[in-house]
Amino acid sequence: MHTPSVKLKAHPSEIATLLRGESETISAWSESWNARRFALHIAVIVLGAGFYGAAMGWWRDPQQALYVAVKFPLIILLTTMGNALINAMLAPLLGLNIPFRQSFSAIVMSFTIAAAILGAFSPLIAFMVWNAPPMSAQAVSIPAYNLIKLTHVAVITFAGTMGNARLLQLLVSLGGSPAVAFRVLFA
């Protein structure tokens, strides 16, 4: 039986492993703290959400793109922290006995996946916004505006769903029971 090796140094190629959802490797990562890996995950969250935020805000104004590029990663990071705290408190009550560090690591990895997907969609969103009619009081195109909003909802929903799907796989790997993993995920 092949045992996954735990690398001491974080490498950008680990994001591919994370996105593929290799449960054994990711489970081993969550068991041991690695500051470089954590920094890599935070960097992916900041860059992925930042690029997506810039693409999202560009339709309104270039200055708005800058504000959203700063604000969106902060919102994602604060949500990550809140979810990690809630998960760490509720997981033991729901039958998944993992330490706070491991719970926090799992949540950060989940949000890293979502941010990487958002970052990957940012050029497509930027292209769509670039080709949309300008957003001014007189020239607002209602169908274009609705399409852009719907696209944002669909992309963010897809990214969040994929992050949660990988988190569920990791929780099943850590807890051994799909029922416990579902309870923790949905709590």
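In what follows, Ala, Val, Leu, Ile, Met, Phe, Trp, Tyr, Cys and Pro count as nonpolar, Asp, Glu, Lys and Arg as charged, and the others, Gly among them, as polar. The model is predicted, so that local features need pLDDT of at least 70 and side-chain atom pairs count only at pLDDT 80 or more, whereas totals for chains, interfaces and linings use all residues. Residues are numbered from 1 along each chain as its sequence is written, and side-chain values use heavy atoms, with hydrogens and water left out.

Helices are DSSP runs (H or I, at least four residues), numbered from the N terminus. Helix α3 (residues 35–57) and helix α5 (residues 100–130) have axes that come within 7 Å and cross at roughly 30 degrees, where axes are lines fitted to C-alpha atoms over the stretch in contact and angles run from 0 to 180 degrees between N-to-C directions. That makes α3 roughly parallel to α5, since angles under 35 degrees count as roughly parallel, over 145 as roughly antiparallel, 65 to 115 as roughly perpendicular and the rest as oblique. Their crossing is left-handed, a term used if the near helix is turned anticlockwise from the far one by less than a right angle, with right-handed used if clockwise. The residues of the contact of α3 with α5 divide into 19 nonpolar, five polar and no charged.

A second pair, α6 (142–175) and α7 (178–186), packs at an angle of about 135 degrees with axes 8 Å apart. α6 and α7 are therefore oblique to each other, and their crossing is right-handed.

Grid points are joined across faces, edges and corners, and a volume is the space filled by probe spheres set on the points. By this rule there are two cavities of 30 Å³ or more.

The largest cavity has a volume of about 110 Å³, and its lining includes Trp29, Trp33, Arg37, His41 and Met109. The elements that give two or more residues to this lining are α2 (23–31), α3 and α5, with the largest share, four residues, coming from α5. By class, the lining of the largest cavity has five nonpolar, five polar and two charged residues.

The second largest cavity, of about 50 Å³, has Met109, Ser110, Arg166 and Leu170 among its lining residues. Here too α5 gives the most, with four residues, and the lining divides into seven nonpolar, one polar and one charged.

The largest pocket has a volume of about 360 Å³, and of the 20 residues that line it, the closest to its centre are Asn83, Ser110, Phe111, Asn164 and Leu167. α6 gives the most to this lining, with six residues, and the lining comprises 14 nonpolar, six polar and no charged residues.

Finally, the structure holds one salt bridge, meaning a side-chain nitrogen of Lys or Arg within 4 Å of a carboxyl oxygen of Asp or Glu. Arg37 forms this salt bridge with Glu14, the closest N and O atoms being 3.0 Å apart. Because Arg37 lies in helix α3 and Glu14 in helix α1 (residues 14–20), the pair ties together parts that are 23 residues apart in sequence.

Key. On a 1 Å grid over the protein atoms alone, a cavity is a set of points where a 1.4 Å probe fits but cannot get out, and a pocket is an open set with protein on both sides within 12 Å along at least five of seven lines; lining residues have an atom within 4 Å of a point.
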